[in-house]
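Trainee: I have a model open and some labels I want to understand. Can you take me through them?

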Amino acid sequence: MDNTIRTVVWTSMDEILGEPLLEQLLCIDIGTAQRYYAGRGGAFQPIVEERMLYLVNVAYALEGGYNRDGVRNWFSRKRSQLQEKTPLETLGKDWDPRSE
């Protein structure tokens, strides 16, 4: 992903999900996130880029039926399809979109 695309994607996902949730979903620390927010993050690590692209697809699909608050809340609501876990819990730490 080149810098322009990365900046557009990062900004868009930050607007949709918000900084705290985006950090959680990408499994990155606040320092790394702040570098990305400031445009000094350089290239995403490959796993972070894959997570971001996966989340773009999920978030944009959810925007078809939810407003932005609803999209954010979707990740923290328990789902019967997920054995009463939230999507955030199901993904867990260090999740890999290639195995989902």
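Mentor: Start with confidence. pLDDT is the predictor's confidence in each residue, from 0 to 100. This is a predicted model, and the protein chain averages a pLDDT of 87. A score of at least 70 is reached by 90% of the residues.

Trainee: Which helix has the lowest mean pLDDT, and which the highest?

Mentor: Helix α3, residues 30-37, has the lowest mean among the elements of the chain, at 74. Helix α5, residues 68-74, has the highest, at 95.

Trainee: What makes Trp74 and Phe75 an aromatic pair, and why is it called edge-to-face?

Mentor: Two values decide. A pair of aromatic rings is described by the distance of the centres and the angle of the planes. Pairing needs centres within 6.5 Å, and edge-to-face needs planes over 60 degrees apart. The count by this rule comes to two aromatic pairs. In the pair of Trp74 and Phe75, the centres are 5.0 Å apart and the planes are at 90°. Both tests are passed, so the pair is edge-to-face.

Trainee: Why is Phe75 called buried?

Mentor: Buried means under 20% relative accessible area. Phe75 is at 1%, so it counts as buried.

Trainee: Which residues touch the most other members of the largest nonpolar core?

Mentor: That core has 24 residues. Trp10, Met13, Leu17, Leu26, Met52 and Phe75 touch the most other members. Two or more residues each come from α1 (3-17), α2 (19-26), α3 and α4 (46-62). The largest share, seven residues, comes from α4.

Trainee: What does Leu26 touch, leaving out residues up to four places away in sequence?

Mentor: Leu26 touches Trp10, Val48, Arg51, Met52 and Leu55.

Trainee: How do you know that the charged end of Arg51 sits over the ring of Trp95?

Mentor: The distance limit is 6 Å from CZ of Arg to the ring centre, and the direction must be within 35 degrees of the ring normal. The charged end of Arg51 is 5.9 Å from the centre of the Trp95 ring, and it is listed as sitting over that ring.

Trainee: What is the phi of Gln83, and where does this residue lie?

Mentor: Gln83 has a positive phi of about 55°, although it is not a glycine. Its place is in the loop between α5 and α6 (87-91).

Trainee: Why is Gln83 called exposed?

Mentor: Exposed means over 50% relative accessible area. Gln83 has 65%, so it is exposed.

Trainee: And what about Asp94: buried or exposed?

Mentor: Asp94 lies in the segment after α6. Its phi is also positive, about 60°, and it is not a glycine. With a relative accessible area of 60%, Asp94 is over the 50% cut-off, so it is exposed.

Definitions and conventions
Residues are numbered from 1 along each chain as its sequence is written. This is a predicted model: local features need pLDDT of at least 70, side-chain atom pairs count only at pLDDT 80 or more; totals for chains, interfaces and linings use all residues. Side-chain values use heavy atoms; hydrogens and water are left out. Rings of Phe, Tyr and Trp (its six-membered ring) pair if their centres lie within 6.5 Å; planes under 30 degrees apart count as stacked, over 60 as edge-to-face and the rest as tilted. Buried means under 20% relative accessible area, exposed over 50%, partly exposed in between (1.4 Å probe, protein chains only). Helices (H or I, at least four residues) and strands (E, at least two) are DSSP runs, numbered from the N terminus. A nonpolar core is a set of buried Ala, Val, Leu, Ile, Met, Phe, Trp, Tyr and Cys residues joined through side-chain atoms within 4.5 Å. Contact means heavy atoms within 4.5 Å.
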